[in-house]
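Reader: Hi! Could you walk me through some strand pairing and helix packing here?
Author: Happy to, let's take a look together.

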Amino acid sequence: MPLFGDLFLSEITKKPVFDPKGEIIGRMRDAIVVKGDPLPKVSGIVVERKKALLHIKWENINIFNKRILSAYCTADTADAYEMNDKDLLAVRDILDRQIVDANGVKVVRVNDIKIEGYEGDAVLVAVDVGMRGILRRLGIEHGSEEFLRLFKTSMPYNLISWNYIQHLKPKLKTITLTVPRQMVSDLHPADIADLISQMSREEGAHLFTDLDIETAADALSELQPEMQAQLINAMEPEKAADIIEEMSPDEAADVLSDLPTAKAKEILEHIEKEEAEDIQELLGHEEDTAGGLMTNEFIAYPPETTVAEAMERFKKDAVEIESAYYIYVTDGAEKLLGLVSLRELLLSDPSSKLSVIMETKAKTIHPDVDEMVAAEIISKYNLIALPVVDNEGVLLGIVSIDDIIDRLLPPSAKRNRRRL
Amino acid sequence: MSRWKRFLLFLSVMGPGIITANIDNDASGITTYSVAGARFGYSLLWTLIPTTVSLVVIQEMVARMGVVTGKGLSDLIRENYGVKAAFYMMLGLLIANFGNTVANMAGWAASMEILGLSKYVMVPVGAITIWLLVTKGSYRFVEKILLFACLIYFGYVVSGLMAKPDWHAVLKETLVPRIQWDSEYIVLSIGIIGTTITPWMQFYLQSSIAEKGIKKEDYKASRLDVVIGCFITDIISFFVIVTCGALLFPNGIRINEAAEAATALKPLAGDYAHMIFALCLANASILGAIIVPLATAYYICEAMGWEAGVNKSFKEAPQFMWIYALTIILSSLVVMIPGAHLVFLMVLSAVLNGLLLPFVLVFATLLINNKGLMGEYTNPKSYNYISWGTVVTVAVLTIFFVVATIFPLA
């Protein structure tokens, strides 16, 4: 077992590596990291000998601790090593990179890496994101500790366990971020959207493609239009279609309308027929009108439905729908006859018909009317949703208060965030 | 693409280059140009041409890195050269920018004194206003103020035209270099380069371009923004030198500070020129005092991996808030010490900036030639010549400057 106890990566980099005779093979340059169970482990080290690089496999390492590095092989018997993008190198690829710390959504950096001996392997157990890591790299950790002891204080360790850290794409050199992904999916989609808009484009795109479809759809709807188009445009049409399908039709239409026409068509072809028709219908409306703002997901039942039946059906139908606060009552030709609020429904006698309890003088709006008028009506009559009907009185969709608020007051991630 | 579309595209990416370039003309810049014009007339004008070339090349490189990598310069230095390089670079930046902030606060104090307002009142007022503007206002609001404030700089152009210089002489001195082997002359020419190409603006420009999320395809428009910005900077510098060269130099008036230039202009050019100089100086100083401390705090925290943000509390982002607060508070206090040797502090900050600049440029040039980072967007050869040439020139000049400051015999 070459490694007992623990060490920090910075304590061994640039240290001499000895062969069995006590000759220096070269200096430790980097550690090759491979997937291990449960944590990543060191599969070998890269040693720099003059200008050449040598690869010493873990099996060939004799002693591996913070004082001594030694190998069973000699400079002549070790393999040559060539830098490549396939290996994940601890110093090159992990050290100094940014991490998204899900614990409060802050961006920290990898100041050092803690390695521990476990069943004969050197396992990466944690990253140091604290002041100690920085001071250690500067070579003044010990001095600072002594100095602080004068004031009877000490420096805390600030480590993040590797359990919380996962690489997005270890093989790619361009990835500069390890994101605690399990924790990321626990984050609210709005916070993920926030993170994506703070990252560089490439990193944001990688984080986004790694999300599960539901989370991705929710996060996408929180982003600003340019960012939405950029992320979706860069994706395979099938994957993009899956995400778009998960969104409510009005949000989906908003995203698609910002894409190049060819791409939008391609994506629509991969979406389930019914859903695609809904979206296409919405795409026909101008963006700043009630029609452009509305969703065509709503709940409508015939007038002869009883309250008890309506409640039963609602339990099934509402699962798929973003906002359902009213039940609309429509005739065979889908003309809007009236509406029943959920409150009304719960308070009514289960045997009475919807036609009896419904509000018939419901406010409605035409799809071509400006969205601000819709906002005014909703505000004036304290509505949660406003039905959109055409000239014949056919119910086309609803504009919900959420859509209005999003339009009047962009969600935090949509605001143009800029730091100086 | 139609001409109209191209113009719209330019407007959407415009900003970072022009704002950076304008704030570049802060109190120490204006001081240097005023002193240079008063002491040597037009004869230092020619230095503006090579300086502009270097400025354009360097700013273009930094802007390109921002567009291609989507990251700030301090991020790239940390990620590619490790903690040590980043730490010492940031330490240097902190000290140099503290000096810059002192210079800006001093410029603010002096311009207020000219306008008849006591510095003991106006410096705290300025510091509190900056604090409130940055911590309570949004960046969009600040950006609008900045773009508007950039227009005020054109006051210098007006005063230059009002000074009725001998354009024939101005043109000749601009185009035909005439070096004087006088230590003061050389120190001032170093000053002109040093205040035009500063370390902090490289960080500021790259970050603001990265933050703006400009795409590779739109890079050409962004480059135009940067180039226009560089030209505006040097046109302003040109007119400051011309004004002082036309009015103060022939009368043998020597000055040490930009504020003295404003005072000296009063009997020669009347109230307007006097007021323009005082107001422009106040504007330049306060702009520098808003941006420089904030930028410093951001880049340091970015490089070290500390939390940053103006709307965070001292508990949430302690390093960020303390760096930002202390820079403003301490520099205000330094300026208010009665009889403080401000000129000495400004020279010191110029030396520090000069010492730091070659390192920043070396990192920038190495990074931009890194194929792994930049792909096909690495530097063309000619850029590398100019960039390395600037590194060597600045390094040699700075060493000379330090020697000349410590042993002022020559």
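Reader: Thanks! Let's start with A:Ile32: what stands opposite it in β4(A)?
Author: That's A:Gly44. Before we go on, this is a predicted model, where local features need pLDDT of at least 70, side-chain atom pairs count only at pLDDT 80 or more, and totals for chains, interfaces and linings use all residues. Residues are numbered from 1 along each chain as its sequence is written, with chains lettered from A and ligands numbered from 1 in the order in which they are written.

Reader: Got it. How many bridges do β3(A) and β4(A) pair over?
Author: Seven, in the antiparallel sense, with β4(A) covering residues 41-49. Two strands pair if DSSP finds at least two bridges between them. Strands (E, at least two residues) and helices (H or I, at least four) are DSSP runs, numbered from the N terminus.

Reader: And which residue stands opposite A:Ile32 in β9(A)?
Author: A:Leu89. Two bridges join β3(A) to β9(A), residues 88-89, and the strands run antiparallel.

Reader: What about β2(A) and β3(A), how many bridges join them?
Author: Three, between β2 (residues 16-18) and β3 (residues 24-34) of chain A, again antiparallel. A:Pro16 stands opposite A:Arg27 there. Their hairpin has five residues between the strands, and A:Gly22 takes a positive phi near 90° in it.

Reader: Nice. Switching to helices: at what angle do α18(A) and α19(A) cross?
Author: Roughly 120°, with the axes of α18 (residues 371-380) and α19 (residues 401-408) coming within 10 Å. Axes are lines fitted to C-alpha atoms, for helices over the stretch in contact, and angles run from 0 to 180 degrees between N-to-C directions. The two are therefore oblique to each other (under 35 degrees counts as roughly parallel, over 145 as roughly antiparallel, 65 to 115 as roughly perpendicular and the rest as oblique).

Reader: Which residues make the contact?
Author: On α18(A), A:Glu371, A:Ala374, A:Ala375 and A:Ile378; on α19(A), A:Ile401, A:Ile404, A:Arg407 and A:Leu408. Contact here is C-beta atoms, placed from the backbone, within 7 Å.

Reader: Last one: what order do the strands take in the open sheet of three?
Author: β17-β18-β19 of chain A, with mixed pairing. β17 (300-301) and β19 (336-341) stand at the edges with a single partner strand each, so one side of each is left without a neighbour in the sheet. Five bridges join β18 (residues 326-330) to β19(A), running antiparallel, and A:Thr330 has A:Leu336 as its bridge partner in β19(A).

How values were computed
Contact = placed C-beta atoms within 7 Å.
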